[in-house]
Amino acid sequence: MRDISIESLEQLGYGGTCTVFALDADVALKAFRADMPEKNVMGEWARARAAWEAGVPSAEPRELVEVSGEGFGLGIVFERMAGATLAQQVEADELPVEDCARMLGELLARLHEVRVDPAAFEDQRTVFAGYARKLAEPGIDVLSQEEAGQLAALYEALPQVTSFVHGDFHAGNVMRSASGELALIDLEGAGCGHPLLDWSGTWQAYDLIPSLDPGCCAKYVGVSADKALAMLDPMLRAYLGTDDEGQLARWHRLMEAFGYAKYACMIVRDPNPWIDRPGVAQMVREHVLAPLDELLGELGLLGE
């Protein structure tokens, strides 16, 4: 791997695990924190290559590199996407929320039609069922063994499909070019699995986060809380292509349940000490485990 110095590079963006710099007009560097495990960066590189080769609209990953600069480790050189994210356009009032939601819903429907090679993408159903079981392990202690097993069973009840799933799908992770073309960025959590595994993260972005922490919504989601809360319903209607209230309500109930489940499971992947674990456990018990039998029945009706 060649070495790239960040000295004098223009910063384009910043996230929890990485910083993006402009290398020139055509390519950008996604520089990961030095404490980011090498296997995580290598995994993102492999997934980004596989997604791009499968025809997922995304920036072409060009090269894996080492990054010189305090606090950085490995990096990925990507094709530089011209334009702005949909979130930036919504926040600047250049794009109405309803139009953004429709674009997102239609794009997500197209993405879920893409079937990918399970050898190149982890089955997210299996990944999150594993996270769920670990919620009962010593040192994590969010749920009891029985509760963790029940949460894992919810994931295992999902139909096993090989749809491409982005893992963090919201307007802040979709670029829009001057010609109107849309492309995904940030494929760190990409995998394959049932569409609800994507909708769980989208529900977090457009319901949970703006409700729990409206002041920080713009930081985490890219749009203000009021705009985020207006996004979910028109996006789902565009995704399903229906105004059938029964079908919409079913998807809302399931995405909410899987959203709370994912909120808890991310403690396993990123066990931050400041997370209110008793509060998370209560959310899971109330919104997922208490109505578990009903949710399993709803899953069986998805194809109807």
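Colleague: What radius of gyration would a compact globule of 304 residues have, and what does the protein have?

Modeller: The rule for a globule is 2.2 Å times the number of residues to the power 0.38, with the radius taken over C-alpha atoms. For 304 residues this comes near 19 Å, and the protein has 19 Å, so the two agree. Along its principal axes the C-alpha trace spans about 55 × 45 × 40 Å. The model is predicted: local features need pLDDT of at least 70 and side-chain atom pairs 80 or more, while totals for chains, interfaces and linings use all residues. Residues are numbered from 1 along each chain as its sequence is written, and side-chain values use heavy atoms, without hydrogens and water.

Colleague: How many helices and strands does the protein have?

Modeller: There are twelve helices and eleven strands. Both are DSSP runs numbered from the N terminus: helices (H or I) need at least four residues, strands (E) at least two.

Colleague: What makes E4 and E6 a pair?

Modeller: Two strands pair if DSSP finds at least two bridges between them. Strand E4 (residues 27-33) and strand E6 (residues 72-79) have six, in the antiparallel sense, so they meet the rule for a pair.

Colleague: Why are E7 and E10 edge strands?

Modeller: Three strands form an open antiparallel sheet in the order E7-E9-E10. Strand E7 (84-85) and E10 each have a single partner strand, so one side of each is left without a neighbour in the sheet. E9 and E10 are joined by three bridges, and Val-174 has Leu-184 in E10 as its bridge partner.

Colleague: What makes the second largest pocket a pocket, and what is its volume?

Modeller: On a 1 Å grid over the protein atoms alone, a pocket is an open set of points where a 1.4 Å probe fits, with protein on both sides within 12 Å along at least five of seven lines; lining residues have an atom within 4 Å of a point. Points are joined across faces, edges and corners, and the volume is the space filled by probe spheres set on them. That volume is about 230 Å³. The lining has 13 residues, with Glu-79, Met-81, Ser-177, Glu-181 and Ala-183 nearest the centre. Strands E9 (174-176) and E10 (182-184) each supply at least two lining residues.
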